[in-house]
Amino acid sequence: MSWKERIGGRIGALLLLVCLLAPLPAAAVRHRGTANSGQTTVRTRLHSSKNAPPPVVEPLVPDFSAWSGGLVLYDPAKDTAPREGIPVEETGFFFTGPLFLRPVTRGIVIHHVGVPAGDTSAERIHWAHISNGWNGIGYHYVIRQDGTIERGRPLPTVGAHAYAFNESTVGICLSGSFEWEFPSYAQLESLTELLVSLCRIYGLKPNADTITGHRDMNFDTACPGRNLYPMLPSLLEEVSSLLREGSPER
Ligand SMILES: [Zn+2]
């Protein structure tokens, strides 16, 4: 049984969160769904999927850890997450509810924000998610269009970005909407560096099971967009090559 299957049926608490359902200004965009959507064009917010689930999961109820199978509460004072070894802009976000330690890391999920012609910051996403009733930003990283990597949720914690896979994956979100646009060279460069770093930290071998687009995990979303998604195989090759070379530099 694959890791996807093992965790696929788990009722994780943060499972209802399909990327950004955030009420950012002008965030409502028309976007073609995938899978069952056929030719239907749906109105949604940002790049959230058709028939997106109710955007209310967090803040977590006090007894959630017991209900969810014993997730351990995250204590920032005891955060011993290894450094990425590349520049990451710290954001120091305040989260409105408890965060929990991710029990295992089996993969990395790549997202886009879904707002065209927008360089959305991690802070903007953070507040949008709070206004959505969540603890705060659901991604672990946001990569801006100039290549700056911003921290979202603390790396060791359970994210809120991929339904049914939050307890075993790290979420990276690139600013932009790659249904219509293309990621910048700087974004792709930073993404590659970050993937190399995370593969090293978690001992992941880059392949289609460990580095995925959101649409691979949740079939009712087009995220990370039809222009970025086809780049993933070549991205994996580049990450694999850099890991083999053992060089942190590009
Ligand atoms: Zn996504």
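**View 1. Glu181 and its contacts in the predicted model.** Glu181 touches Val115, Pro116, Ala117, Gly176 and Asn227, leaving aside residues up to four places away in sequence. Contact means heavy atoms within 4.5 Å. Glu181 is found in the loop between strand 6 and helix 4 (185-202). Helices (H or I, at least four residues) and strands (E, at least two) are DSSP runs, numbered from the N terminus. Glu181 and Arg226 are 45 residues apart in sequence, yet their C-alpha atoms are 9.1 Å apart in space. The model is predicted, so local features need pLDDT of at least 70 and side-chain atom pairs count only at pLDDT 80 or more, while totals for chains, interfaces and linings use all residues. Residues are numbered from 1 along each chain as its sequence is written, and side-chain values use heavy atoms, with hydrogens and water left out.

View 2. Two strands pair if DSSP finds at least two bridges between them.

**View 3. Strand 6 and its partners.** Which sense of pairing links strand 3 (residues 107-112) and strand 6? They pair in the parallel sense, over 6 bridges. Within strand 6, Gly171 is the bridge partner of Val109. Strand 4 (residues 141-143) and strand 6 (residues 169-174) also pair in the parallel sense, over 3 bridges. Here Tyr141 stands opposite Ile172, and Val142 has Cys173 as its bridge partner.

**View 4. The two sides of strand 6.** In a regular strand the side chains alternate between the two faces of the sheet. Thr169, Gly171 and Cys173 point one way from strand 6; Val170, Ile172 and Leu174 point the other way. Buried means under 20% relative accessible area, exposed over 50%, partly exposed in between (1.4 Å probe, protein chains only). By that cut-off, 6 of the 6 residues of strand 6 are buried, so the strand is largely enclosed by the rest of the structure.

**View 5. Helix 3 against the sheet.** Helix 3 spans residues 122-131, and its buried residues include Ala122, Ile125, His126, Ala128, His129 and Ile130. The buried residues of this helix pack against strand 4 and strand 5. Just after helix 3, Gly133 takes a positive phi of about 95°.

**View 6. Backbone exceptions.** Most residues other than glycine have a negative phi, and most peptide bonds are trans. Ala164 has a positive phi, near 75°. This alanine sits in the loop between strand 5 and strand 6. Ala164 counts as buried because its relative accessibility is 11%. A cis peptide bond joins Cys223 and Pro224, with omega about 10°. Pro224 lies in the loop between helix 5 (214-217) and helix 6 (232-245).

View 7. Cys199 counts as buried at 3% relative accessibility, and Cys223 at 1%. The structure holds 0 disulfides, a disulfide being a pair of cysteine sulfur atoms within 2.5 Å. Arg215 lies over the face of Tyr229, at 4.3 Å from the ring centre. A charge sits over a ring if NZ of Lys or CZ of Arg is within 6 Å of the ring centre and within 35 degrees of the ring normal.
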